[in-house]
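Me: I'm new to this one, could you walk me through it?
Reply: Gladly, let us take it a piece at a time.

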Amino acid sequence: MKANKKKIEPYKADGIVYHADTCLPLTDAFKRKKIKFKALARHTYPGDRLDENTLGLNSLGYWDANESQDWGLDWHRNEGIEFHFLESGSMPYAQEGKEVLLKPNDLTITRPWEAHKVGNPYIGMGKFYWVIIDLGVRRPHQDWVWPDWITLTPQDLSRLTTILRHNEKSILKTNQSIKECFSQLNKAINTDEKGSNASKIRILINSLLINLLDLLDTNDIVLNESLTDSSRSVEYFLKELENNLSEQWTIELMAQSAGVGLTRFTYHCKQITNLTPMRYLAMKRLEMSKKIFQEDKDLTIAEVAYMCGFTSSQYFATVFKKHEKCSPNEYRMKSEAKNLQLV
């Protein structure tokens, strides 16, 4: 099997660029013969290519690790909903900051916007499956669009969607029916030749979703409609903003990237942070600049200003002095003096 991947245009949302996970540590482990690995995929996911008969299915596959491993998949997000299933062994897993050790027959549910990782930092020994289905969304409040070959009745699909969107339960103990779905998917993946098993895969994924709905219905899951409120989308954007402070943000671009209107974005930002969007942005940029001053004494004031997203060193110095009551240079000298005292 060739662990090939094909480049595509990433999903862009005004300042935030979403790349499908390339799973490079996984493909590297496969090349080093640390694991058995087989997948069918599209976009930048590794595996043999899926064809147009399963559009919307972005990746399905498994790895089988029967010796100690030296790799893991660090924090990342997928552009679709992902189901993991652990058939045997144990697997360190974390989702939205919560770390667990998966046991045999555990199924994980990862919504498109949820950060997750596999390994702590290394994966465990076990046979691990996944299915990733693109739903055309990147934020909690956006409506899901399932591929047109998903054949659940409108009522069943609506109920499944509602349960998955309106709760945060991420791990389920599966039954024999779901285990059998993954077992059959295993066979379909192994024997597929350029899309020859597309019909089987479609039927099996529909069966998986039907059985998942039955399982969810028996788990007495409490639904919470507020989980799909636009405020959650703003909250996720504000978390991501900390990794993109150098972008030339405007309020309009921030609202567009969060996927909500300008008025609603401003309202939610004030509710969440007690600051207006631009003031919150300025505070985060100042925090970043102070951290840089403490860690790197060789950068110039101008270099730090541009790294943090300020348009000029003069404007940066003005904002910095207004909030810190000293100039950037004075702050840097104080930090250096403090560090010398600690040595």
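Reply: One term first: contact here means heavy atoms within 4.5 Å. Please also keep in mind that this is a predicted model.

Me: OK, what do the buried residues of helix 2 pack against?
Reply: They pack against strand 7, strand 10 and helix 4, and the buried residues in question are Leu 157, Leu 160, Thr 161, Ile 163, Leu 164 and Arg 165.

Me: And how far apart are the end C-alpha atoms of helix 2?
Reply: They are 16 Å apart, which agrees with the 16 Å that its 12 residues should span at 1.5 Å a residue.

Me: Which residues touch the most other members of the largest nonpolar core?
Reply: Those are Trp 146 and Ile 205, in a core of 43 residues. Helix 4 gives the largest share of this core, with nine residues. Another core lies apart from it and has 21 residues, including Phe 37 and Phe 128.

Me: What does Trp 146 touch?
Reply: Leaving out residues up to four places away in sequence, Trp 146 touches Ile 133, Leu 135, Leu 157, Leu 160, Thr 161, Leu 164 and Leu 209.

Me: Switching to the sheet, what's the strand order?
Reply: The sheet is open, with seven strands in the order 4-3-5-12-7-10-13 and mixed pairing. Strand 4 (48-49) and strand 13 (171-173) are the edge strands, each pairing on one side only.

Me: How many bridges join strand 3 to strand 5?
Reply: Six bridges join them, and the two strands run antiparallel, with Lys 36 standing opposite Asp 64 in strand 5.

Terms used
Residues are numbered from 1 along each chain as its sequence is written. This is a predicted model: local features need pLDDT of at least 70, side-chain atom pairs count only at pLDDT 80 or more; totals for chains, interfaces and linings use all residues. Side-chain values use heavy atoms; hydrogens and water are left out. Two strands pair if DSSP finds at least two bridges between them. Helices (H or I, at least four residues) and strands (E, at least two) are DSSP runs, numbered from the N terminus. A nonpolar core is a set of buried Ala, Val, Leu, Ile, Met, Phe, Trp, Tyr and Cys residues joined through side-chain atoms within 4.5 Å. Buried means under 20% relative accessible area, exposed over 50%, partly exposed in between (1.4 Å probe, protein chains only). The expected span of a helix is 1.5 Å times one less than its number of residues.
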